[in-house]
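The sequence and structure are shown first.

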Amino acid sequence: MQFLSRANAKVARAASVKNRWEGPTEGPQMQKKKKIIFIAADLGDAGVNGVFNSVREASAGAGWEVLPINCRGRCNQGAAIISQALDMKADGIVLAGVDVSSQGKGMAAAAKAKVPVVGWHASVKSGPTDGLFTNITTNPKEVAQVAALYTVVDSNNKAGIVVFTDSTNPFLLAKSSAIVETIRQCEGCKLLSLEDVPLADANAKMKGVVENLVKRHGAKWTHAIGVNDFYFDLLEVPATAALIANNKLVGVSAGDGSQTAYKRIRANSLQSGTVPEPLSMQAWQIVDELNRAFAGAEHSGFVGTPHLVTAQNIAYDGGQKNMFEPANDFRTHYQRFWSK
């Protein structure tokens with residue numbers, strides 16, 4: 001009972017309205033006319049694409065040019081992607097969803113050229129790491145705990161859970177490890193399986209994985225937790241949905257807060273919750289951190305706290321637009337000191 005009480009308290013905190021600004025209140029004036037190369041793990045991913053578009057929005061007033069390099073899920077395979085960005089005469093580089101530890105040579109080249117690199121989900125750690133000026137992310141372990149604890153609370157300690165992860169991405173692997181660790185503290189829950197389905201291959205593999213899960217676990221499989229909303233997009237595909245129709249699965253995602261996830265939660269269809277990233281706010285932070293680097297200032301040190309979206313609070317904090325956008329007026333706060 002003590003575990004369930006703690007779970008309820010943490011879930012309630014995560015689900016509260018995010019209307020208070022906790023980010024920086026001062027910083028350097030906006031530097032003008034910079035070329036930013038945005039290295040995207042996959043622009044087909046809703047989260048990465050949302051950040052890219054919002055970086056363009058945040059920097060437009062300063063005349064920044066933001067150009068993409070789309071890795072289509074293959075950035076971590078040793079290609080000299082950062083060197084390509086340097087060849088494009090980048091003033092600054094964004095590493096979005098790309099594991100920085102796989103880019104050692106490129107990061108060394110950027111350091112030598114004195115071109116700052118800001119990460120978004122480029123490491124499990126937030127702040128300066130592996131040569132990054134800073135890495136912007138909510139704490140993946142905290143995000144994972146919120147998703148897992150909400151599943152515990154929602155099922156009243158009785159869930160039969162399958163976890164979907166992607167071990168090719170350290171950030172996503174950190175999430176699933178924390179999900180598993182949290183679920184094991186729930187005495188009445190059963191962790192049925194941890195399924196490693198890389199996002200880059202998930203379209204082709206998901207139906208077969210689900211078919212096997214249904215054969216192995218039958219009606220014991222009641223809940224699914226994914227490290228990304230995309231797994232639930234695939235569970236909704238008619239051929240796969242037919243396999244789990246009898247299970248009446250309840251799904252919860254530990255990221256990223258896609259439009260399709262919001263629609264499922266609002267319709268009470270398959271997915272009951274997600275722990276989204278504030279993509280627009282993080283994009284504005286990316287621009288702020290790059291600007292600090294250009295001005296010779298320190299990184300801001302700002303790390304956001306996880307937010308849980310359910311049917312009960314979906315009307316708030318950007319939910320009416322099917323996205324997590326905190327009601328903390330972040331644009332005004334950044335523009336206030338950028339334009340001083």
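This is a predicted model: local features need pLDDT of at least 70, side-chain atom pairs count only at pLDDT 80 or more; totals for chains, interfaces and linings use all residues.

The peptide bond joining Gly255 and Asp256 is cis, with omega at about 0°.

## Residues with positive phi

Leu270 belongs to the loop between α10 and β10 (271-274). Although Leu270 is not a glycine, its phi is positive, about 70°. The Leu270 residue is buried, its relative accessible area being 18%.

A positive phi, near 50°, is also found at Asp317, again a residue other than glycine. Asp317 sits in the loop between β11 (309-310) and α12 (330-338). With a relative accessible area of 6%, Asp317 is buried.

## Nonpolar cores

The largest nonpolar core holds 47 residues, of which Phe164, Ile179, Ile183, Met206, Trp221 and Leu235 touch the most other members. Two or more residues of this core come from each of α1 (2-14), α5 (140-154), β6 (160-165), α6 (170-183), α7 (202-217), β8 (223-226) and α8 (230-235). Among these elements, α5 provides the largest share, eight residues.

Apart from this core lies another, made up of 32 residues that include Ala96, Ile136, Met281 and Tyr334.

## Surroundings of Trp221

Leaving aside residues up to four places away in sequence, Trp221 touches Gly160, Val162, Phe164, Leu192, Val210, Leu213, Val214, Ile244, Asn247 and Leu249. One of these partners, Phe164, is listed with Trp221 among the residues that touch the most other members of the largest nonpolar core.

Definitions and conventions. Residues are numbered from 1 along each chain as its sequence is written. Side-chain values use heavy atoms; hydrogens and water are left out. A nonpolar core is a set of buried Ala, Val, Leu, Ile, Met, Phe, Trp, Tyr and Cys residues joined through side-chain atoms within 4.5 Å. Buried means under 20% relative accessible area, exposed over 50%, partly exposed in between (1.4 Å probe, protein chains only). Helices (H or I, at least four residues) and strands (E, at least two) are DSSP runs, numbered from the N terminus. Contact means heavy atoms within 4.5 Å.
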